[in-house]
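Here are some short notes for a colleague who is new to this entry. Please look through the model, then read the points in order.

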Amino acid sequence: MAALPLATAEVCDANSNPIIDGELRALPPIFKIYGRRQVFAGPVATVKVFEDNVLVRELLQEKGHGRVLVIDGGGSVRCALLGGNLAQLAQINGWVGIVVNGCIRDMDEINGCDVGVRALNSHPMKSGKKGTGEKRVAVTIAGARICDGEWLYADADGVLISRVELTV
């Protein structure tokens, strides 16, 4: 794993061929920044859900080992998929970041956690608890395909997805 996250703008400047080949992709600038960890990077674990966060909890209960959880919530802004308790669980279990194609809640609690979080917005309603969805599958967020095991790099400039771990 990368010792220090790389600056996304510098990564883009130094990697024109992987960008052209689709091996390095930037997510559209649709996310707000939450959590104490403003810069983070790590291998991706994916989950695809819709207005239900049972599988999100299941993954965050696993040891993170420096991974980033990418939650494809279908872009729903009708409820939150991540709250303060799950963010604390992520911190305790060694996850470095969470990207939510959906909403969070308990923003103040999340902002107190040493985890990087990117989400579309905050919403006070909690999600359903049926346990529907899929873990460790390819997801598509705002037109960008993200596969389990790829690498994610996030900073104030944006979020990058790479098929392989990047080095300076």
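1. Two residues are in contact when heavy atoms of theirs lie within 4.5 Å. By that rule, and not counting residues up to four places away in sequence, Leu86 touches Asn53, Val56, Arg57, Leu60 and Leu81. Leu86 sits in helix H4. Its relative accessible area is 4%, so Leu86 is buried.

2. Keep in mind that this is a predicted model. Its secondary structure comes to five helices and twelve strands.

3. What radius of gyration would a compact globule with 168 residues have? It would be near 15 Å, and the protein has 15 Å, so the two agree. The C-alpha trace spans about 45 × 30 × 25 Å along its principal axes.

4. Of the 168 residues, 49% count as buried. Take the contacts between residues at least 6 apart in sequence: 74% of them join residues at least 24 apart. The accessible surface is about 7900 Å², and carbon and sulfur atoms account for 51% of it.

5. Charges come next. There are 18 positive and 19 negative side chains. The centres of the two sets lie 8 Å apart.

6. An unreviewed UniProt entry places a "binding site" feature at Gly83, Gly84, Asn85, Leu86 and Arg105. These residues are spread over 23 residues of sequence, yet they cluster in space, with a largest C-alpha distance of 10.3 Å.

7. Gly83 lies in the loop between strand S5 (80-82) and helix H4 (84-92). Is Gly83 buried or exposed? Its relative accessibility is 11%, so Gly83 counts as buried. Leaving aside neighbours within four places in sequence, Gly83 contacts Arg105, Asp106 and Ile110. Arg105 is itself among the positions in the UniProt feature.

Technical notes: Residues numbered from 1 in each chain as written. Predicted model: local features only at pLDDT ≥ 70, side-chain atom pairs only at ≥ 80, totals over all residues. Heavy atoms only, no water. Helix = DSSP H or I, 4+ residues; strand = E, 2+ residues; numbered from the N terminus. Rg over C-alpha atoms; globule rule 2.2 N^0.38 Å. Buried < 20%, exposed > 50% of the residue type's maximum accessible area, 1.4 Å probe, protein only. Areas by Shrake-Rupley, 256 points an atom, 1.4 Å probe, with all protein chains shown as cover. Lys, Arg positive; Asp, Glu negative; His and termini not counted. Charge placed at Lys NZ, Arg CZ, Asp CG, Glu CD. UniProt positions renumbered as here; feature names shortened; annotations may be inferred.
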